[in-house]
Amino acid sequence: MLLYYSRTLRSRRQQRGLAFCGLFVIAFTLCAQTLVAQDTTAPRVDATQNATLQYLADWFGSYAAERLNSDRVAFDARAADWFASRHDVSLERTVIAAVTRQYLATTAVELSPPAFADGVFLYAAARVANGVLEGRNFDTRRVFGGFVPYTIRSQSLSRRRTDSRPLVWNFEEFGTSTAEAQRAALALHTLERSLGWASMQQALATFFEQFRSNRAGRQELAAILTEQRGVDVSKPFADLFNVAANFDYGIEGLSSEQSSSNAAAFRSTVRLRRFGDATLASRSVPMVVSFEDGSEITEWWDGREQQRDFEYDSRSRAVQAVVDPDVLLVVDSNRSNNGRTLQPVLPRAAVRAIATWLVWLQDVMLTYSSLV
Amino acid sequence: MRDALRALSAGLSAVLRSPILVGVVCLITIVAALPFGLVLGDRLRTALANQPSISLEATEIDAEWWMHFRARARGLDRTFTPAVLGFAAPLDNLSALMDGSPRPLIIAVPVAIYALVWAFLWGGVLTRFDRGGALGTRGFIAAGRRHFPLFTLIGLAAATVTVMLYLTVHTVLFGPVYRVLASTVSSERDAFLWRVALYVVFASLLAAVSLAADYARVSAVCAGARSAREAIASGLRFMRTNPAAVATLYLATGALFVALFVLYGIADRRFGGWRGVLLGQAFIFGRLAIRLTFGASEIALFKQRADAAHPHSTSRGTANPGPPAAT
């Protein structure tokens with residue numbers, strides 16, 4: 001419209017004036033947007049910082065407030081906020097990461113090695129994010145050179161309503177970390193899911209209290225857990241944190257056939273197998289067998305065995321067997337072999353996901369073919 | 001400028017009078033994508049159906065399962081990311097186009113197949129718009145077959161130049177040039193503005209190549225160019241002699257696309273679930289309608305200028321306009 005209007009202006013002076021006005025409007029809009037963004041950012045940073053510190057202090061003990069650098073937190077936050085949408089919580093996740101890092105640095109426990117320290121940070125920050133951002137923790141993708149954030153509100157990263165455990169997710173705002181650090185974080189999540197949050201929180205609080213002003217690592221945490229539970233956990237503990245140790249439990253076979261002696265009965269066989277070299281403590285791997293009539297049987301398997309067959313005689317056919325159904329073992333390297341079913345059905349969520357993907361593929365085809 | 005807007009209006013009118021054509025093109029697009037959807041669906045059924053965390057009644061995919069699936073995904077499975085959800089899909093695709101982000105190589109297969117499908121469709125579509133009336137199924141297929149080899153060659157030439165642009169100009173612009181420009185500014189916003197400026201430069205080059213291919217096809221249909229070389233030369237000549245009209249028509253059609261894009265972005269926030277999927281499909285329908293509008297407008301512009309240059313002659317197509325539009 002501006003172009004069209006400029007053509008109606010006869011003199012160059014008028015045209016230049018119009019161009020200047022256009023540029024002024026653009027510059028003013030950008031400045032106003034920046035000012036508005038700054039005004040709304042500060043309270044969000046403060047609220048998130050306070051909530052994060054409250055969570056960490058409640059869980060792991062008090063912190064040295066005088067050593068917290070709020071300017072550093074604000075600096076980290078500024079880089080994340082300049083073009084944020086209303087539902088984008090990248091800013092909050094950035095603040096959570098910055099505050100958690102500082103909290104861990106000020107607890108005066110020198111975590112060692114660095115991969116363990118990073119793992120504790122990733123685990124603690126994920127837990128805090130689950131608490132602070134519950135119900136509004138959405139995935140944000142950065143497009144156009146990483147400058148423009150877009151929040152995918154249909155992908156919630158908050159914990160499920162029926163599950164109190166924090167969701168395990170690689171948040172971009174927590175920064176890049178080594179494979180060892182990510183493994184350490186997964187190991188801590190696995191411990192929490194296996195032992196329960198109350199035991200885990202107590203162990204970590206004791207760890208931070210006991211080793212204040214000292215250097216400590218996973219061996220010291222293992223010692224606390226051993227004392228707490230009365231069972232030596234050092235061997236599985238070492239494997240959990242070792243990136244080279246491969247945890248992989250799965251179902252190798254499932255069959256359910258009519259019994260030869262009784263036509264109304266079924267004989268079902270489930271073969272569990274340890275595909276990886278790493279092992280857990282005895283009776284630590286759960287397995288659930290589901291039958292056609294809706295009944296279920298839960299077994300606890302010795303995770304040190306290479307394989308084990310379970311046989312059942314029932315009036316109903318076995319339809320599914322799943323090892324670790326509640327995903328306790330977050331470090332399991334291949335979850336696709338965790339289940340076997342004799343009635344493969346596509347879940348409703350998957351049908352819709354495929355339809356969504358088809359729309360995406362059409363858009364890809366249209367976008368790239370438009371170039372030629 | 002008036003000629004370009006008149007051509008756009010003629011193009012819009014031609015497409016509005018051809019709802020069946022738009023519907024058929026939309027259906028063909030879905031059919032072209034469907035085999036790949038079935039392949040992914042089969043893999044997802046294997047990976048998902050056994051997962052305990054996925055209830056058959058659940059309407060959302062478990063985020064943890066998705067992260068684990070992505071970590072182990074290969075080939076087509078690698079494209080199954082949260083970026084396929086709703087408005088994120090076109091946004092991510094547009095961003096990938098401008099940033100030259102690498103896509104899994106397997107994606108080249110559906111894109112190449114679809115480009116070939118359009119090499120066929122353009123023959124029938126442009127002939128239909130050139131004649132201003134329905135060709136009938138046989139006439140459409142005959143026109144598509146007649147122009148298919150030529151349009152495939154034009155598409156190949158455009159694809160080659162586009163790849164060269166990505167390998168040379170894009171690499172330089174978004175590599176050293178952007179790094180130098182970004183190092184001169186102190187805020188992220190200023191760095192982004194430099195990036196936008198570079199996007200404009202690179203998008204102009206992509207648009208020029210795309211327009212050259214478009215007008216080569218148009219001149220093959222309207223002016224009867226017989227070889228790819230002749231068609232491309234004729235198309236380039238048309239662009240050179242009518243730069244303002246060509247650019248205005250491109251920008252005006254681009255504005256339609258931007259309007260559709262923004263509308264989808266706003267509407268996507270209000271609809272979820274299956275309604276969101278239908279909305280996405282409606283967006284694809286809109287994109288196809290705009291693509292057809294652009295083709296019809298280019299034909300109209302080409303004919304307007306040909307008529308203006310030779311007021312006493314008629315172009316091949318206008319000699320026999322045929323019956324009113326039905327397809």
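## Exercises on a predicted two-chain model

Helix 5 (114-132), strand 2 (138-143) and helix 6 (179-195) of chain A, with helix 3 (63-72) and helix 4 (88-99) of chain B, each give at least two residues to the lining of the second largest pocket. Helices (H or I, at least four residues) and strands (E, at least two) are DSSP runs, numbered from the N terminus.

The model is predicted: local features need pLDDT of at least 70, side-chain atom pairs count only at pLDDT 80 or more, and totals for chains, interfaces and linings use all residues. Residues are numbered from 1 along each chain as its sequence is written, chains are lettered from A and ligands numbered from 1 in the order in which they are written, and side-chain values use heavy atoms, with hydrogens and water left out.

**Exercise 1. State the volume of the second largest pocket and the residues that lie nearest its centre.**

Step 1. The space in this pocket is about 1,300 Å³. A pocket is an open set of points on a 1 Å grid over the protein atoms alone, with protein on both sides within 12 Å along at least five of seven lines. Grid points are joined across faces, edges and corners, and the volume is the space filled by probe spheres set on the points.

Step 2. The lining has 48 residues, and those nearest the centre are Trp169(A), Asn170(A), Gln182(A), Met67(B) and Ala71(B). Lining residues have an atom within 4 Å of a point.

**Exercise 2. Describe helix 6 of chain A: its span, its burial and its packing.**

Step 1. Helix 6 of chain A has 17 residues and reaches 24 Å from first to last C-alpha, close to the 24 Å expected at 1.5 Å a residue. The expected span is 1.5 Å times one less than the number of residues.

Step 2. Of the 17 residues of helix 6 of chain A, 12 are buried, so the helix is largely enclosed by the rest of the structure. Buried means under 20% relative accessible area, exposed over 50%, and partly exposed in between (1.4 Å probe, protein chains only). The buried residues include Arg183(A), His189(A), Glu192(A) and Arg193(A).

Step 3. These buried residues pack against helix 5, helix 7 (197-210), helix 8 (218-229) and helix 9 (234-241) of chain A, together with helix 3 of chain B. After the helix comes Gly196(A), with a positive phi near 100°.

**Exercise 3. Is Arg217(B) buried or exposed, and which residues does it touch?**

Step 1. Arg217(B) is in helix 7 of chain B.

Step 2. Its relative accessibility is 4%, so Arg217(B) counts as buried.

Step 3. Not counting residues up to four places away in sequence, Arg217(B) touches Val372(A), Trp122(B), Leu126(B), Phe151(B) and Ile154(B).

**Exercise 4. Examine the phi angles of Asp324(A) and Val327(A).**

Step 1. Most residues other than glycine have a negative phi.

Step 2. Asp324(A) has a positive phi of about 50° although it is not a glycine. Val327(A) also has a positive phi of about 50° and is not a glycine.

Step 3. Asp324(A) is in the loop between strand 10 (318-323) and strand 11 (339-341) of chain A, and Val327(A) is in the loop between strand 10 and strand 11.

Step 4. Asp324(A) is buried at 6% relative accessible area, and Val327(A) is buried at 9%.

Conventions. 1 Å grid on protein atoms, 1.4 Å probe; cavity = no way out; pocket = protein on both sides within 12 Å on 5 of 7 lines; lining within 4 Å. Contact = heavy atoms within 4.5 Å.
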